[in-house]
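User: I would like to learn how to read the features of a model like this one. Could we go through it step by step?

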Amino acid sequence: MGKGQPSYTDEEFVMAIRRGDDRALAQLYRLHLPMVSHFVLQNSGTEDEAKDVYQEGVMVFYEKVRDGSLELSCQIKTYLYAVCRRLWLKRLAEKGRFGVRLDDHEPYLETGAEADLAEAEERDRRFALMGEALEQIGEPCKSLLEGFYLLDRSMQQLTADFGYTNADNAKNQKYKCLVRLKKLFFSHYKEEESY
């Protein structure tokens, strides 16, 4: 631990991150990176790949802490190692650089991190599908939905931006666009489910 930096227990890390303390998150990030780097470098990876995997692992942990769904049954170090190890083995398997199936390691990774990682991967997949559906929906629906849901613009602002006669017309158009977006999303979602 460097001078001037507070030292946290695992519980204190979780509480600090939950409060939005960026210093705690930065310290946590620095604390366990060498462990993950060592693992990735010892298993055919590069320093950049280790940083990518660790970043993903920390994001899984961070999101679970922030949304209050983290059920930590081990040390944070163990949790991060399990998530990052799984991520790295998955990448190796995708690259064909590692002849071992992920299932071979499952009994050794029962930390709760496995379920959290699977949940995060599913959420990322859904976001990607939603992004694809949003790209396919076309204008003005894409801009209208982004304006309302992502940019938090009011119906009055959207009425002016898109030239609708009143807020009720803008709201009606937003509803139609949302229905179209849902149809596109679920058609892609069902297609992927069938694979």
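User: Where is Leu25 found?
Analyst: Leu25 is found in helix α2; helices here are DSSP runs of H or I with at least four residues, strands are runs of E with at least two, and both are numbered from the N terminus. This is a predicted model, in which local features need pLDDT of at least 70, side-chain atom pairs count only at pLDDT 80 or more, and totals for chains, interfaces and linings use all residues. Residues are numbered from 1 along each chain as its sequence is written, and side-chain values use heavy atoms, with hydrogens and water left out.

User: Leaving aside neighbours within four places in sequence, which residues is Leu25 in contact with?
Analyst: Contact means heavy atoms within 4.5 Å. Leaving aside neighbours within four places in sequence, Leu25 touches Ile17, Val58 and Tyr62. The C-alpha atoms of Leu25 and Tyr62 are separated by 8.2 Å, with the two residues 37 apart along the chain.

User: At what angle do α2 and α3 pack?
Analyst: Axes are lines fitted to C-alpha atoms, for helices over the stretch in contact, and angles run from 0 to 180 degrees between N-to-C directions. Under 35 degrees counts as roughly parallel, over 145 as roughly antiparallel, 65 to 115 as roughly perpendicular, and the rest as oblique. Helix α2 (residues 22–42) packs on α3 at about 135°, with the axes 9 Å apart, so α2 and α3 are oblique to each other.

User: What is the hand of the crossing of α2 and α3?
Analyst: A crossing is right-handed if the near helix is turned clockwise from the far one by less than a right angle, and left-handed if anticlockwise. The crossing of α2 and α3 is right-handed. Residues that make the contact include Leu25, Leu28 and Tyr29 of α2 and Val58, Phe61 and Tyr62 of α3. By class, this contact of α2 with α3 has 13 nonpolar, three polar and three charged residues. Nonpolar covers Ala, Val, Leu, Ile, Met, Phe, Trp, Tyr, Cys and Pro, charged covers Asp, Glu, Lys and Arg, and the others, Gly among them, count as polar.

User: How does α2 pack with α4?
Analyst: The angle between α2 and α4 is about 45°, with their axes 10 Å apart, so this pair is oblique. α2 passes α4 in a right-handed crossing. Among the residues in the contact are Met35 and Phe39 of α2 and Leu80, Tyr81 and Trp88 of α4. The contact of α2 with α4 has 10 nonpolar, one polar and two charged residues.

User: What should I look for in the backbone?
Analyst: Most residues other than glycine have a negative phi, and most peptide bonds are trans. Here, Ser44 has a positive phi of about 70° although it is not a glycine, and Ser44 lies in the loop between α2 and α3. A cis peptide bond joins Glu139 and Pro140, with omega about 0°. Pro140 is in the loop between α5 and α6.

User: How do α5 and α6 cross?
Analyst: The axes of α5 and helix α6 (residues 141–150) come within 7 Å and cross at roughly 130°, which means that α5 is oblique to α6. The contact is made by Leu134, Glu135 and Ile137 of α5 and Cys141, Lys142, Leu145 and Glu146 of α6. This contact of α5 with α6 has four nonpolar, no polar and three charged residues.
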